[in-house]
Amino acid sequence: MLKGIPPIISPELLKALCEMGHGDELIIADGNFPCESIGKDAIVVRADGNGAAEILDAVLQLIPLDRYTEKPVALMEVVKGDSCPKPEIWKTYEALLNKYEPDHHDIEMTERFAFYERAKKAYLIIATGETAVYANVLLKKGVVTP
């Protein structure tokens, strides 16, 4: 264990977060996301048994969002015609983003297949056991400043 590192962050995840540079993107994926097939060129870290919001909370304690990007966060929008209501978990994400990045966390709503294409270029995909649908969230890492 290390001081100041949320215990939900595994050594493998901590290493991948440290390796990321400014502008690199990561996906916190729900349990339905095709992590291994989409993440063929990414680092895929398993966080099974953990929810996406808990992982988001821990990750936002460690990395800043990109301030040079208008919308450093992306969510997969609900597919037209899907009977799913607006996901409740998005409210939790908004609260966490307000907590850690109150001045800069605009969210881009991204069509499902466009989200998958963007995810193929991500540096890191964190595979959670999240059961909420449309709980995938993309973050663009910013610059750590003193």
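Where does Gly-51 lie?

View 1. Gly-51 lies in the loop between strand S2 and helix H3, where helices (H or I, at least four residues) and strands (E, at least two) are DSSP runs, numbered from the N terminus. The model is predicted, and in it local features need pLDDT of at least 70 and side-chain atom pairs count only at pLDDT 80 or more, while totals for chains, interfaces and linings use all residues. Residues are numbered from 1 along each chain as its sequence is written, and side-chain values use heavy atoms, with hydrogens and water left out. With a relative accessible area of 15%, Gly-51 is buried, a term that stands for under 20% relative accessible area, whereas exposed stands for over 50% and partly exposed for values in between (1.4 Å probe, protein chains only). When residues up to four places away in sequence are not counted, Gly-51 touches Thr-128 and Glu-130, contact being defined as heavy atoms within 4.5 Å. From Gly-51 to Gln-61, which are 10 residues apart in sequence, the C-alpha to C-alpha distance is 16 Å.

**View 2. Helix H3 and its surroundings.** Of the 9 residues of H3, 7 are buried, so this helix is largely enclosed by the rest of the structure. The buried residues are Ala-52, Ala-53, Ile-55, Leu-56, Ala-58, Val-59 and Leu-60, and they pack against helix H1 (11–19), strand S1 (25–29), strand S2 (43–47), H4, S5 and strand S6 (137–140). Leu-56, found in helix H3, is buried with a relative accessible area of 0%. Leaving aside neighbours within four places in sequence, Leu-56 is in contact with Ile-28, Tyr-93, Leu-96 and Leu-139.

**View 3. The largest nonpolar core.** A nonpolar core is a set of buried Ala, Val, Leu, Ile, Met, Phe, Trp, Tyr and Cys residues joined through side-chain atoms within 4.5 Å. The largest one has 49 residues, and those that touch the most other members are Leu-26, Ile-28, Phe-33, Val-59, Tyr-93 and Leu-139. Helix H3 (residues 52–60) supplies the largest share of this core, 7 residues. Not counting residues up to four places away in sequence, the contacts of Ile-28 include Ala-52, Ile-55, Leu-56 and Val-59, as well as Ile-126, Val-137 and Leu-139.

**View 4. Helices H3 and H4 side by side.** H3 and helix H4 (residues 89–100) pack at an angle of about 10 degrees, with their axes 10 Å apart; axes are lines fitted to C-alpha atoms, for helices over the stretch in contact, and angles run from 0 to 180 degrees between N-to-C directions. The two helices are therefore roughly parallel to each other, since angles under 35 degrees count as roughly parallel, over 145 as roughly antiparallel, 65 to 115 as roughly perpendicular and the rest as oblique. On the H3 side the contact is made by Ala-52, Ala-53, Leu-56, Asp-57 and Leu-60, and on the H4 side by Ile-89, Thr-92, Tyr-93, Leu-96, Leu-97, Lys-99 and Tyr-100.

**View 5. Tyr-134 and Lys-140.** Tyr-134 lies in the loop between S5 and S6 and has a positive phi of about 55 degrees although it is not a glycine. Most residues other than glycine have a negative phi. Tyr-134 is buried, with a relative accessible area of 10%. Lys-140, in strand S6, also counts as buried, at 15% relative accessibility. Among the residues that Lys-140 touches, not counting those up to four places away in sequence, are Asp-24, Glu-25, Asp-66 and Arg-118.

View 6. The structure holds 0 disulfides, a disulfide being a pair of cysteine sulfur atoms within 2.5 Å. For Cys-35, the nearest cysteine sulfur, that of Cys-84, is 18 Å away. Cys-35 counts as buried at 5% relative accessibility, whereas Cys-18 counts as exposed at 60%. Lys-121, found in the loop between helix H5 (112–119) and strand S5 (124–128), is exposed, with a relative accessible area of 72%.
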